[in-house]
Every structure is written in C-alpha cells, then in structure tokens.
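Subject: Model for your review

Hello,

The sequence and model are below, followed by notes on what was found. Please look through them when you have time.

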Amino acid sequence: MSSNKSSKPLRAIPGSYGLSFFTPILDRLRYFYFQGEVKFFKTRAEEYKSTVFRTNMPPGPFMAKDPRVICLLDALSFQVLFDMTKVEKRNVLTGTYMPSTSLTGGYRVCAYLDPSEPKHAMNKRLLLSLLADRHAHFLPEFHAAFSKLFNGLDEGVGGPKKSADFNSLNDVSSFDFCCRAYFGVDPKSTSLGTAGPKMVTKWQFLQLHPQLVLGKLPKILEEIFLHTFPLPAFLVKSDYKKLYDYFSSAASKVLDKAEAMGMNREEACHNILFATCFNAYGGLKVFFPDIMKWIGKAGEALHKRLREEVRSIVKGEGGEITVAGLEKMKLTKSVVYEVLRIEPPIKFQYAKAKKDFVLESHDASYEIKKGEMLFGYQPFATKDPKVFADAEKFVPDRFVGDGAGMLGYVYWSNGWETDAPTELNKQCPAKDFVVLVGRLLVAEFFMRYDSFTVEVGTNPVEPAVSVTSLIKAA
C-alpha cells in the first residue's frame, strides 16, 4: 500500500500533457492507430524509465472534460486505486468521460457511485443479498445453459465448417444463465425472446465506444463517429425499454426487497439491469472465451491434467459437480486465476485523488495532489515481472500450493483477490461468483471432453475463439 511517508527516493512524476486540445488528440491517434494501447504505454515507460508517468487518455477533447491522467503500470502503485482513504470512484467507471445517464434510466447506477455516497451502500447491499439468496441455483442453471452451448460446439465441429464459434454460443448461454440463476425466469419464455444478448451488446457499445477501435471503418470515420462525440441514447431506447420490462417482471422479488430497504423501485430496477447485463453478462462475454483460448492454446498436456483432476474429484463427490468438489480442484482454480491475471476482463481502473498523498512504485515515490486522476492499465500491473516470474507466460499451476500466496496481486475485481466486496469498497460484488463459474466452465467441459483445439481471431474488440476440434470423453 502507498503511504504518506516513504523510504524510497522522491521523484517528480515524468511525462507531459502537452498543448491542451492538440496533444490529447495526437495521443488518442497514437493510442488507437499509430502505436496501439500496449506500445503506447510501453514506449512511455521505457522513455521515462518509470512505471508512473503523466499522459492523456482517450477519448480526449469534446467528450472528456479533462483527459489528463497519472498512469500506473506496476503492481505496487496500482494498489492505490483500491485505497478508499486516498481516492474516490465517483463517475470514473469508464474513465475520463461518463456515458449519459439516459442509458441507465436517468440514474447514476451503483458502478458510478463512490462509497461515500449513501446510495452506494444500499445498492451494493442489494446486489450482495441477491447473490447470497440465489447461490443454490448457480450450479444447476449453469449446467442447463452450458449443456446447450456444448451441443452447439458438437454441431459446429461436426458440421460442414468443421469449427464452432464459441463467442456467439457463449453470448446466448451466458445471458440465459445470468437471468435464470439470478431471477429464475428464462428470458426466452418472455417477450424478450432470444434478442436479449444483441440488445445488451448494442447498449454496451453506446457506453464504451469512445474506448474502442472496430477496424471496420476508415480511421477518419472511426475518429469522428466513435471518439469525438457520444452516440445518442435514443439509438437503443426501444431495446433498453424491453430489457427494463423483463427485469421489472423477472426481478420482482428482488425489487420488493429493495423497496423494503427504502430504495426507489424504478432506480433499483435500473441498477439490477446494469449489474446483470453490464457487469455479470458483460464480464462472462469476455472471460469465458479467454478461458477457452488459454486452455486451448496450452495443449493436450494441460488438458490431461485437468480432466484427470475434474473426473477424479467428481467421482469422489458421488458423480456430480459440487461446490465442495470445485474447492478441491486446485489446478482448475489456479488455471482460472491465471486467466484472470494474464488477461483481466477489465483492462482499465480509474480513481481520483481526494487528498494529497505520496504514492510508491517499486523504485520511487511520487507526490499526488488532490483532484488528480489516476489511471491503472491492469494488463501491465498483473504481469509485473518484479512480482511474477515468467510474467508474460501462461503458467497453469502458478497459484497451486505456495503460489496461492500470490493471489493478492490478481486485481481483476477492482480489489485484491484476497479481499471481499463490501459496502465500503468498490470491489465487484460478484467477485466470488465469477471465479466459481469460471471453474464450473472448466469442470463441465472436461467432464464432457478429453481435449480440444482453438483458433483465435484478430478482432481488436472481441477476438473470436473458434473451436476447431473436440475429443469427447469415452
């Protein structure tokens, strides 16, 4: 943790914001097109010989009032983003800009609230209670939803194309699973039908487009339409209304509880919708393809170890996957944590300093002033070579045995993996849920298959993972 005093040499924060208006635009072009995000950060760290420096972050002029940030790239300085005594998280979910509240029913939902705001505690308490109340449904609903995904893999690999698009199958299964696990209502049995995942994707896009490169339009058009001005909320007004109507009905028991807690029912519904669609479903939409990609690329040797672990423990549990059994699957758990470490679903973390303090990196200390925006690029922090050996390498058993002591440096949930989400912090309320279902995916898969191969696409927003072969369990 950073402190107000440090034994490390005090250094001025290197880097420059340049000319207002012009330099942020130039930095945006470098970030998206000339260098790409990884090279954008790496070259600056090398130039300044520091993992802490000043820079501008997209989207810049017009959309962001102030694109200036202090960038944190190492595992130690990154931790200050979780220290609620030093920073605040008001309206910083998407960084230096905030999407219109017209996309969330006119309300600032929990993800944009700082723990110091009274509504944060109420919303976080509601979400944590929802997860606790429905935990017994997670395993059976997962099995039901992902058995259909596996059937789709079988059909694709056995069909004319000899491959199956995991992402598209996962979109459907993950959305159905989240809705059924949380509320017990299959969206396909309602007026929402099968359109839910596509509606959510469009709605998410209007919130995240300033951070994206699609690669489908000429660069000048992407700059104008994606990175310069916010796209109007009316483009998804009809879709959002249909999603809201589903949650208003399906989550009625949760909303009754929210009212009993003193919350506005409509505001609670928008919060439930956001947490389910943006956080839970949006996370699984990215996380599950990453699991398949890294395990698929690791090859048969890892597949053999995983299937032997999963099947032996399931046999010992009476032939069914149980929570107790999942806890015994040490390699499976380590693999899931390693995916979260090497490719965290959320790359960016922001916070604003709420007082003056001294920040530490591995090598130096830096004075941070009240009001300055701090930005952490998580793929660098969780691949810090001063913390992890072979940091750029996927090591499946990294967190087995003594390696479990390194879990404190896995930050994907907006907090330390060894901590728990509470009303007083901004850690993802579904932190344990995500790790659980990640292990469930691995266990369910290797109960059904011995091995598989994948091909990974090059789409910069959502690389497609295609399953190209499957060897079924005997």
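Glu88 stands opposite Lys352 in β5. This is a predicted model, in which local features need pLDDT of at least 70 and side-chain atom pairs pLDDT 80 or more, while totals for chains, interfaces and linings use all residues. Numbering starts from 1 along each chain as its sequence is written, and side-chain values use heavy atoms, without hydrogens or water.

β3 pairs with β5 (residues 348-353) in the antiparallel sense, over two bridges. Strands are DSSP runs of E, at least two residues, and helices runs of H or I, at least four, numbered from the N terminus; two strands pair if DSSP finds at least two bridges between them.

Both strands belong to an open, mixed sheet of five, ordered β1-β2-β8-β5-β3. β1 (52-56) and β3 (87-88) are at the edges with a single partner strand each, so one side of each has no neighbour in the sheet. Helix α2 (residues 37-48) packs on this sheet and touches β1, β2 (68-72), β5 and β8 (373-377); contact means heavy atoms within 4.5 Å.

A further open sheet has three strands in the order β4-β10-β9, with antiparallel pairing. Its edge strands, β4 (164-165) and β9 (449-456), pair on one side only. β9 and β10 (residues 465-472) are joined over seven bridges, and Glu455 has Ser466 in β10 as its bridge partner.

Phe22 lies in helix α1 (residues 22-34). Its relative accessibility is 58%, so Phe22 counts as exposed (over 50% relative accessible area, 1.4 Å probe, protein chains only).

Regards

Methods. Buried means under 20% relative accessible area, exposed over 50%, partly exposed in between (1.4 Å probe, protein chains only). Axes are lines fitted to C-alpha atoms, for helices over the stretch in contact, and angles run from 0 to 180 degrees between N-to-C directions.
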